[in-house]
Amino acid sequence: VTDNPNLTLTAEPSVMSMFMVPNSFRPVFADKRVRQAMMYGIDRASIASEVFQGYAEVLNAPYFGWEWEEGDFADLNPYTYDPDKARSLLEEADWAAGGFAPQMHYIPGDPFNESLHNIVQQQLADIGINVELVQVDVTEYTNRIISGAVNGEPGDFDLLIGSGGVMGSDPNVTARYFDTA
């Protein structure tokens with residue numbers, strides 16, 4: 001498309017984001033140092049640049065969209081890629097002693113999605129979190145992730161890479177997806 005002289009291609013910001021969700025109901029993710037280590041251990045800037053070919057930007061807040069651009073997120077930790085800090089946090093949290101290998105469920109068939117999961121798996125392995133990628137069909141994914149997380153009950157998963165968009169102008173609608181646990 002970009003090489004076609006009869007077309008004009010423009011890129012505009014999307015109201016869609018991708019995010020990794022550790023199941024905070026799992027005891028191994030209760031320690032915030034483990035969750036912070038995962039943030040430091042994934043090179044989100046390189047993923048935005050290389051995987052998304054520059055058509056993505058790193059977000060440090062779950063809320064985004066035109067209605068909320070006035071928000072001040074300057075004080076949030078940017079979690080810049082720092083694998084040494086990630087390893088240090090995991091050591092403080094005594095991660096290795098648990099011998100836990102979290103599973104990350106995903107629906108196969110999309111080469112982009114599969115490469116993204118493989119990159120995240122490798123980057124987490126580089127800091128000492130050995131993630132097992134588990135392919136599931138749409139029904140099982142829905143049962144584990146979505147249907148399993150209704151009425152305040154945790155879903156049946158360890159980690160997942162999710163995506164979604166702004167569901168309207170009222171930020172309260174996202175409360176069904178984000179928990180303070």
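Arginine 33 is partly exposed in this predicted model, with a relative accessible area of 28%. Its side chain meets that of aspartate 31 in a salt bridge, with an N to O distance of 2.6 Å. Aspartate 31 likewise counts as partly exposed, at 23% relative accessibility; the class applies because the value falls between the 20% limit for buried residues and the 50% limit for exposed ones.

Side chains of opposite charge can pair when their charged atoms come close.

Another such contact joins arginine 26 to aspartate 156, whose side chains meet at 3.3 Å, N to O. Arginine 26 lies in the loop between strand S1 (16–22) and helix H1 (32–41), whereas aspartate 156 lies in the loop between helix H6 (138–146) and strand S4 (159–165); the pair therefore ties together parts that are 130 residues apart in sequence. Both partners are partly exposed: arginine 26 has a relative accessible area of 23%, and aspartate 156 has a relative accessibility of 41%.

Within helix H6, glutamate 140 and arginine 144 are four residues apart, about one turn of the helix. Their side chains meet in a salt bridge of 2.8 Å, N to O. Glutamate 140 counts as partly exposed, at 32% relative accessibility.

Arg26, Glu140, Arg144, Asp156 and Asp158 are linked in a network of salt bridges.

How values were computed: Residues numbered from 1 in each chain as written. Predicted model: local features only at pLDDT ≥ 70, side-chain atom pairs only at ≥ 80, totals over all residues. Heavy atoms only, no water. Salt bridge = Lys/Arg side-chain N within 4 Å of Asp/Glu carboxyl O. Helix = DSSP H or I, 4+ residues; strand = E, 2+ residues; numbered from the N terminus. Buried < 20%, exposed > 50% of the residue type's maximum accessible area, 1.4 Å probe, protein only.
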